[in-house]
Amino acid sequence: MYETPPERFGRARGTFRGLLIFASVPTSIAGLWLLIVTTTVLPARDPAHVQTWAAVMLGCFGLVGLSAAYLRAATPGTTLRSALITLSLAALAFGLYAIASMTQAPASRFEGYVLLIGAILAGHGLAGLLSGISGMRSARARAAVIAPGRSLDHLERRQGA
């Protein structure tokens, strides 16, 4: 059976939304772990880095909260979708930077938790990016179907279908 572009985009959007739900779990756990560490361990052992890790913790919670708002919206608006894409790009960039810095660090400077948090944020960033972009495409495809008298041929040619 032939699928119209909205059906195709809808299925991809559902897959990426599931991926975004899955990615939110480790990000939430990382945020909770950072909350405990920044309030109990770091003030006594490394007070100079409390603000840095508190910012990462807030970033984790912000990304999870924005992801939840996006997932709860029946049809996420442009502002919500843009915010998710922007924050996801930041999380992806930070995560990749953390991974790269730890994989290139000498053994004496290697921190496993930085590598793990980097991987978690990079994964969540990628999931949010894919979900937000697929939401844009499915919204455009729905708008094309709804527009009276408009053909879907231009969408099919662009997708190579």
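## Serine 24

A polar contact is a pair of N or O atoms within 3.5 Å; within protein, one of the two must be able to donate a hydrogen and the other to accept it. The model discussed here is predicted. In it, the side chain of serine 24 reaches the backbone oxygen of leucine 20 at 2.9 Å.

Serine 24 is part of helix 1, which covers residues 5–45. Its relative accessibility is 11%, and because buried means under 20%, serine 24 counts as buried. Apart from its neighbours within four places in sequence, serine 24 is in contact with Val64, Ser67 and His124.

## Aromatic pairs

Searching the whole structure gives two aromatic pairs. One of them joins tryptophan 33 and tyrosine 113, with 5.9 Å from centre to centre and 50 degrees between the planes. This pair is classed as tilted, because planes under 30 degrees apart count as stacked and those over 60 as edge-to-face.

The pair links distant parts of the chain, 80 residues apart. Tryptophan 33 lies in helix 1, while tyrosine 113 lies in helix 4, residues 112–146.

Trp33 and Tyr113 belong to one aromatic cluster together with Trp53.

Methods:
Residues numbered from 1 in each chain as written. Predicted model: local features only at pLDDT ≥ 70, side-chain atom pairs only at ≥ 80, totals over all residues. Heavy atoms only, no water. Helix = DSSP H or I, 4+ residues; strand = E, 2+ residues; numbered from the N terminus. Buried < 20%, exposed > 50% of the residue type's maximum accessible area, 1.4 Å probe, protein only. Contact = heavy atoms within 4.5 Å. Phe/Tyr/Trp six-rings, centres within 6.5 Å; stacked < 30°, edge-to-face > 60°.
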